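Have the sequence and structure open as you read.

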Amino acid sequence: MALTTRVKSELSTVLAPKLCCRRSEIATTLRFAGGIHLVRGHVVIEAELDTGGAARRLRQAISEIYNLDADVVVVHGSGLHRNTRYVLRLVRGGGDLARLTGLVDRRGMPVRGLPVPVVGGGQCCQAAAWRGAFLARGSLTEPGRSMAMEVTAPGAEAALALVGAARRLDISAKSRQSRQLNRVVIRDGDAIAAMLTQMGAHESLLAWEDRRIRREVRASANRLANFDDANLRRSARAAVTASARVGRALEILGPDIPDHLLAAGKLRLEHRNASLEELGRLHQPPLTKDAIAGRIRRLLAMADKAADARGIPTTVEALPPEAREDQG
């Protein structure tokens with residue numbers, strides 16, 4: 001099940017114990033999902049929702065709290081709107097519901113943000129407002145680099161009011177305009193988890209966190225694998241370059257090489273792809289990584305000094321140009 005559908009399915013069953021919370025959710029759902037229309041002198045309220053559970057929840061809440069009956073019409077997808085939609089319509093009593101929920105002001109004009117009772121309510125009302133807004137026009141993407149909880153608002157004022165509601169819950173949300181639509185977005189993973197908790201989507205939160213952890217573990221494993229692979233490539237290049245320089249050093253010095261440096265140089269040539277640690281273990285008696293590295297370094301330094309004195313190419317100059325650049 002997609003995360004958005006899962007969250008909305010769970011939110012449709014959340015119990016709001018306080019009357020103020022239920023009023024806040026109804027008002028916000030109607031504000032974000034619908035509109036107020038004047039038909040033949042009568043106020044008609046409509047709300048378009050994308051899940052049957054949200055439509056049934058809204059209809060039941062209006063009936064229980066305001067004793068008003070609304071009709072729900074199922075509109076099957078076709079053309080541009082492929083998904084099934086549920087349109088809640090209230091003709092009789094539409095004006096009463098608009099006044100009772102605060103969707104119109106004292107002059108009878110539709111509010112541009114959120115109703116005053118919602119904006120002035122406590123934290124429980126702010127959480128209920130977010131629950132209603134998400135049921136109306138919310139979406140939640142998969143955890144990852146572009147994860148987001150997003151609500152499409154009916155206008156800039158409504159978007160700013162929803163941002164303010166999130167701030168009252170100590171959650172950071174931002175309002176932005178995209179493709180002439182006003183959206184409220186939460187992108188931080190911890191903030192998304194906090195909002196799911198506030199709205200009451202606890203089971204969805206567990207599923208989302210599980211996917212988030214899996215994603216982070218997979219990303220960490222990939223980073224470590226890439227890091228190890230890069231280290232192996234660098235070690236291999238360094239070993240090949242060192243072998244070439246050691247070979248040139250043996251040519252330059254000939255028989256005038258101390259035995260302990262000669263033994264280290266021969267090990268390097270015989271095991272070109274081995275790491276310094278492995279070379280140290282192969283040496284008799286075994287040496288540490290630093291000890292074998294020090295002997296090879298002294299061998300190269302002795303050969304380069306002898307080459308400079310004789311005016312012949314050093315161990316570095318004998319390397320190909322691209323390898324010579326790596327040697328600095």
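## Basis

This is a predicted model, in which local features need pLDDT of at least 70, side-chain atom pairs count only at pLDDT 80 or more, and totals for chains, interfaces and linings use all residues. Residues are numbered from 1 along each chain as its sequence is written, and side-chain values use heavy atoms, with hydrogens and water left out.

## The sheet

Four strands form an open sheet in the order β5-β6-β8-β7, with antiparallel pairing. Helices (H or I, at least four residues) and strands (E, at least two) are DSSP runs, numbered from the N terminus. Two strands pair if DSSP finds at least two bridges between them. The edge strands, β5 (138–140) and β7 (174–178), each pair on one side only. From one strand to the next, the twist averages 25 degrees.

β5 and β6 (residues 149–153) run antiparallel and are joined by three bridges. S139 has its bridge partner, E150, in β6.

## Helices across the sheet

Helix α6 (residues 123–137) lies across β5, β6 and β8 (181–186). Contact means heavy atoms within 4.5 Å. α6 runs at about 80 degrees to β6. Axes are lines fitted to C-alpha atoms, for helices over the stretch in contact; angles run from 0 to 180 degrees between N-to-C directions. Helix α8 (residues 189–199) also lies across β5, β6 and β8, at about 65 degrees to β6.

## The α1–α6 contact

In this contact, T4, V7, K8 and L11 of α1 meet R131, F134, L135 and A136 of α6. The axes of α1 (residues 3–11) and α6 come within 10 Å and cross at roughly 130 degrees.
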